[in-house]
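The sequence and structure come next.

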Amino acid sequence: MPLHPSLVHLPLGLAVLMPFLAAGFGWAVWTGRVRLRAWAAVVALQAALVVGGLVALQSGKAEEERVESVVTDAAIETHEEAAELFLWAAGLTLVVAAGAFVGKAPVTRAAIGLSGVMMVGVLAAGIRVGHAGGQ
């Protein structure tokens, strides 16, 4: 039983949730309803997405030979490239989200807003990975 299909659900599920969580937490921080430290929950979940993505990518590479007899090399390559792009986008988004804790209010607001937009991009990349994996 391959492990990879089970492991991809954590990062992909988080990719779906993160734009909504970022919007909610960002709004709450911007309006002063919660302190900035509440944003740490978003950063922690984005870190979990990145770690889960790394684990899923490694498991996919480890199980690649098992599926080569059934799946074309081109399909595997497309899926792997999409997964790497997803992981890079998620990692960069994590850095930007964590940047909310550096500097003063304008930097905080910019980091929260930009990372929220980037999370939508991570979701789009995740959809692409999932689609390529399903193919």
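## Terms and basis

A polar contact is a pair of N or O atoms within 3.5 Å; within protein, one must be able to donate a hydrogen and the other to accept it, and residues adjacent in sequence count only if both atoms are side-chain atoms.

This is a predicted model, in which local features need pLDDT of at least 70 and side-chain atom pairs count only at pLDDT 80 or more, while totals for chains, interfaces and linings use all residues. Residues are numbered from 1 along each chain as its sequence is written, and side-chain values use heavy atoms, with hydrogens and water left out.

## His4

His4 lies in helix 1 (residues 4–7); helices are DSSP runs (H or I, at least four residues) numbered from the N terminus. His4 counts as buried because its relative accessibility is 17%, and buried means under 20% relative accessible area (1.4 Å probe, protein chains only).

The side chain of His4 makes a polar contact with that of Ser59 at 3.0 Å. Leaving aside residues up to four places away in sequence, His4 touches Ala56, Ser59, Gly60, Glu63 and His79, where contact means heavy atoms within 4.5 Å.

## Helix 5

Helix 5 (residues 73–98) has 26 residues and reaches 37 Å from first to last C-alpha, close to the expected 38 Å. The expected span is 1.5 Å times one less than the number of residues.

Its buried residues include Ile76, Glu80, Phe86 and Leu94. Their cover includes helix 2 (9–30), helix 3 (39–62), helix 4 (64–67) and helix 6 (105–134).

## Helix 6

Helix 6 has 30 residues and reaches 43 Å between its first and last C-alpha, close to the expected 44 Å. Among its buried residues are Thr108, Gly116, Met118 and Val129, and what covers the buried residues of helix 6 includes helix 2, helix 3 and helix 5.

Notes:
Helix = DSSP H or I, 4+ residues; strand = E, 2+ residues; numbered from the N terminus. Buried < 20%, exposed > 50% of the residue type's maximum accessible area, 1.4 Å probe, protein only.
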